[in-house]
Amino acid sequence: MAPKRVYQAWNGRNKFLFGGRLIFGADAWSLIFSFLMIIVPVTLFCEFVANHLRHEFSSYNSGYAILVVAILFTLYVLVLLFITSSSDPGIIPRNAHPPEEEFRYECSISVDARGAGRRTPSLQFPRTKEVMVNGIPVTVKYCETCMLYRPPRCSHCAMCNNCVERFDHHCPWLGQCIGLRNYRFFFLFISSAALLCIYVICISAFYIKVLTDRYHGSVWKAIKESPISVILMVYCSVCFLFVGGLTVYHLYLIGINQTTNENFRKKARIFNRGCLHNFLEVFCTKIKPSRNNFRAFVQEESQGHSAPVFAREHEPNDLGGERRPKVEDDLDIGEDLLKISQRRNTVELDEDIRSRGSNGPPHSISEPGSIMSSDRRANTIRSDARHLSWERSGRWEIAQEVLENSNVTESRSYVISQEMMHQ
């Protein structure tokens, strides 16, 4: 079977075109509607307004400039629209496993139906942690879907199911998240669209004036002569209220260096570097390269910051069948967590032996008897990994039968080590 590329096994809801070279959001279909909202009125404008103004100036052919400017400016707006919606907004790759360095080993006491208590070892890690930004502590949250601590200003988009750097918002008109890598193009798009609306409104109003003068001041006859001009003026006025308002709002956000998400949540302005430096940061800094290589081949074991979690296929289970991908991922994570737990149990047991064996030379847990016990425990880990269950609270609970098997192997290791000490 030919290996898959990253975009073919992507866990998010994004849509890809041209072999992963273009990435769109989950609702990319709305992009078609946005294109039509621009192309249709501009086509009507060129045909029924600009085309009639070609020879209305003292220089006979100077009216062609109105038509050329409308076409070129529309193409510029459409290019910005396409770049914004088809580029990686700053998606952070998912981790294959939870961050091991953040785990804490704890024991919890639970009471069963008979009233008897039992100790259940568990591996926990904090759901939040603090990082310093410009000398100010900032709380970052753990993302259960992407299995990583989100960097400051990062947020998980529920629509696309990805964590996005400097997340601003998810734009339904573009069908894409607006983040670190495409915010500049988004602002240029909405500001250019606002200018295009003003251009169409002004030229349409000028054409109505030309017709009014032609009919000796009769506005009604001018409107009857070119009703499309009035319709375009009304349509572009409504659109300008939307894109023009957005332009003014984002000018304000750029000036204080905040995102839409941060502004709605009323977060502190800890990233504000002054109005001038804030504008230079958005428009004059180099855009960071994407963290994802969507055309790369999927690696079975992801290393470093890799693409999303990919289940290994065609690995038979104990019954000779094939495991489901999600179950397989859970078992892999379970084995890793159990190994962490067993390593910590080994360290505790080694310290216990050293404290008890003060009459003789200390022995390491890595002697032959302990190695035999470690082999048995490794088999226990693999056979009982399926008894793990991950809770939303961030805790891996170990089933009772797994705990009993672990205690048996540790007891055998302890007895063997004690006998060797007395010898």
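Welcome to this predicted model, where helix 1 passes helix 5 in a left-handed crossing. The contact draws on Met37, Pro41, Leu44, Phe45 and Phe48 from helix 1, together with Ile228, Leu232 and Tyr235 from helix 5. The protein chain holds 10 helices and 13 strands, and 44% of its 423 residues count as buried.

**Helix 1 against helix 5**

- Helix 1 covers residues 30-48 and helix 5 covers residues 227-256; their axes come within 10 Å and cross at roughly 145 degrees.
- Sorted by class, the contact of helix 1 with helix 5 has 8 nonpolar residues, with no polar and no charged ones.

**Aromatic rings**

- A pair of aromatic rings is described by two values, the distance of the centres and the angle of the planes.
- The model has 13 aromatic pairs.
- Among them, the rings of Phe24 and Phe82 have centres 6.3 Å apart and planes at 65 degrees; an angle over 60 counts as edge-to-face, so this pair is edge-to-face.
- Phe24 belongs to strand 2 (residues 22-24) and Phe82 to helix 2 (residues 64-86), so their pairing ties together parts that are 58 residues apart in sequence.
- With 5% relative accessibility, Phe24 counts as buried, while Phe82, at 34%, counts as partly exposed.
- Phe45 and Tyr199 also form an edge-to-face pair, 6.1 Å from centre to centre with 65 degrees between the planes.
- Because Phe45 lies in helix 1 and Tyr199 in helix 3 (residues 183-214), this pair ties together parts that are 154 residues apart in sequence.
- Tyr7, Trp10, Phe16 and Phe294 form one aromatic cluster.

**Charges over rings**

- Arg153 has its charged end over the ring of Phe271, at 4.2 Å from the ring centre.
- The charged end of Arg166 sits over the ring of Tyr183, and here the distance to the ring centre is 5.3 Å.

**Links across the sequence**

- If you take the contacts between residues at least 6 apart in sequence, 63% of them join residues at least 24 apart.
- Ser30 and Pro172 are 142 residues apart along the chain, yet their C-alpha atoms are separated by 6.9 Å.
- Ser30 is found in helix 1, and at 7% relative accessibility it counts as buried.
- Apart from its neighbours within four places in sequence, Ser30 is in contact with Pro172, Trp173, Leu174 and Gly175.
- Lys141 and Pro151 are separated by 10 residues in sequence and by 8.3 Å in space, C-alpha to C-alpha.
- Lys141 has its place in strand 6 (residues 136-143) and is exposed, with a relative accessible area of 52%.
- Leaving out residues up to four places away in sequence, Lys141 touches Arg127, Thr128, Leu148, Tyr149 and Arg150.

**Around Asn278 and Asn257**

- Asn278 sits in helix 7 (residues 275-283) and counts as buried, at 1% relative accessibility.
- Setting aside residues up to four places away in sequence, Asn278 touches Ile254, Gly255, Ile256, Asn257, Phe271, Asn272 and Arg273.
- Phe271 in that list is also the residue whose ring lies under the charged end of Arg153.
- Asn257, another of the residues touched by Asn278, lies in the loop between helix 5 and helix 6 (260-264).
- Asn257 is buried, with a relative accessible area of 3%.

**Positive phi values**

- As background for your backbone checks, most residues other than glycine have a negative phi.
- Asn257 has a phi near 55 degrees, a positive value in a residue other than glycine.
- Phe18 likewise has a positive phi, of about 55 degrees, although it is not a glycine.
- Phe18 is placed in the loop between strand 1 (15-17) and strand 2.
- Buried or exposed, where do these two residues stand? Phe18 is exposed, with a relative accessible area of 61%, whereas Asn257 is buried at 3%.

Methods:
Residues are numbered from 1 along each chain as its sequence is written. This is a predicted model: local features need pLDDT of at least 70, side-chain atom pairs count only at pLDDT 80 or more; totals for chains, interfaces and linings use all residues. Side-chain values use heavy atoms; hydrogens and water are left out. Axes are lines fitted to C-alpha atoms, for helices over the stretch in contact, and angles run from 0 to 180 degrees between N-to-C directions. Helices (H or I, at least four residues) and strands (E, at least two) are DSSP runs, numbered from the N terminus. A crossing is left-handed if the near helix is turned anticlockwise from the far one by less than a right angle, and right-handed if clockwise. Contact means heavy atoms within 4.5 Å. Ala, Val, Leu, Ile, Met, Phe, Trp, Tyr, Cys and Pro count as nonpolar, Asp, Glu, Lys and Arg as charged, and the others, Gly among them, as polar. Rings of Phe, Tyr and Trp (its six-membered ring) pair if their centres lie within 6.5 Å; planes under 30 degrees apart count as stacked, over 60 as edge-to-face and the rest as tilted. Buried means under 20% relative accessible area, exposed over 50%, partly exposed in between (1.4 Å probe, protein chains only). A charge sits over a ring if NZ of Lys or CZ of Arg is within 6 Å of the ring centre and within 35 degrees of the ring normal.
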